[in-house]
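Hi everyone, thanks for making the time this morning. I'd like to walk you through one protein model, so please have a look at it on the screen.

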Amino acid sequence: MADGVREGHDRDFCRSQRHGGVASRTISGLSVCTECRDLAEENLIELPQLYDMCAYMLDVRPPRQRERVSGHRPHGIVLRDAVVSIRSDILGVLASWCGLVAGERGVPGPDELSIPRLSTFVLIHFGWLTAHPAGADFTDELAALADRARAVLTPETATEMSLGPCPRPGCGWTLRAEGHPPKWIRCEAGHEWPPSQWLQLMRDGGLDSSMGGGE
């Protein structure tokens, strides 16, 4: 009886590792607390954008540096590895939770292995996942993915770069980006491009060589 009471008592508290041993009560019907649930939802909604921003970083050419003899890998290569790794992990983790939902709920999973489809599927079943016994693991994994992606994307300096004239027809105002990698890209007239369009913008000639270090 005592073991049953203890087990029921443990379920009253969020088991997320974020709490560092500090007790935080779960929401009624869920296996996580309010803070973890809200943070997980925010991270899940942001992950597709972070994934796209990482793709932009892979496409941008790093600035040329003078060759030197060193036993260390160049920073650009290390950063590229980190970007590839986090993109792969975002895809893999979301696919894993989709598999859990499909298997245990008996519903068809996403029909495409893409971040928009996977994240949408997880969001649809978000309430069920946060009520699942593994709900704390679910929220912790989303937090870890988002934190790693933000760390990779954090610009070393908050510089603002001019990218040339805005490619929007009839505009002509200067297009600017803040930070490297950018936190935003927009022109002085207010035309703004979301991260999902940065690669296409660069391929269409809207971004000059300053974004990639030049030739």
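This is a predicted model: local features need pLDDT of at least 70, side-chain atom pairs count only at pLDDT 80 or more; totals for chains, interfaces and linings use all residues.

The protein has seven helices and four strands. If you follow the chain from the N terminus, the order is α-α-α-α-α-α-β-β-β-β-α.

How much of the protein is buried? Of its 215 residues, 37% are buried. The accessible surface comes to about 12,600 Å², and carbon and sulfur atoms account for 51% of that. As for contacts, take those between residues at least 6 apart in sequence: 54% of them join residues at least 24 apart.

Now for the charged side chains. How many salt bridges does the structure hold? There are eight, and I'll show you some of them.

Let's take Arg 18 and Glu 35, whose closest N and O atoms are 3.4 Å apart in a salt bridge. This pair links distant parts of the chain: Arg 18 sits in the loop between helix H1 (2–11) and helix H2 (34–59), while Glu 35 is in helix H2, 17 residues apart from its partner. Arg 18 has a relative accessible area of 39%, so it counts as partly exposed. Glu 35 is partly exposed as well, at 47%.

Next, please find Arg 150 and Glu 46. Their side chains meet in a salt bridge with an N to O distance of 2.7 Å. Here again distant parts of the chain are linked, with Arg 150 in helix H6 (residues 135–153) and Glu 46 in helix H2, 104 residues apart. Arg 150 is partly exposed at 30% relative accessibility, and Glu 46 is partly exposed at 25%.

Asp 38 is partly exposed at 35%, and Arg 37 is partly exposed at 23%.

Last stop: Ala 102, which lies in helix H3 (residues 75–105). Is Ala 102 buried or partly exposed? Buried means under 20% relative accessible area. Ala 102 has 21% relative accessibility, so it counts as partly exposed. Setting aside neighbours within four places in sequence, Ala 102 is in contact with Val 107 and Gly 109. His 125 is 23 residues away from Ala 102 along the chain, and their C-alpha atoms are separated by 9.9 Å.

Notes:
Residues are numbered from 1 along each chain as its sequence is written. Side-chain values use heavy atoms; hydrogens and water are left out. Helices (H or I, at least four residues) and strands (E, at least two) are DSSP runs, numbered from the N terminus. Buried means under 20% relative accessible area, exposed over 50%, partly exposed in between (1.4 Å probe, protein chains only). Contact means heavy atoms within 4.5 Å. Accessible areas come from the Shrake-Rupley method with a 1.4 Å probe; for residues, only the protein chains shown count as cover. A salt bridge is a side-chain nitrogen of Lys or Arg within 4 Å of a carboxyl oxygen of Asp or Glu.
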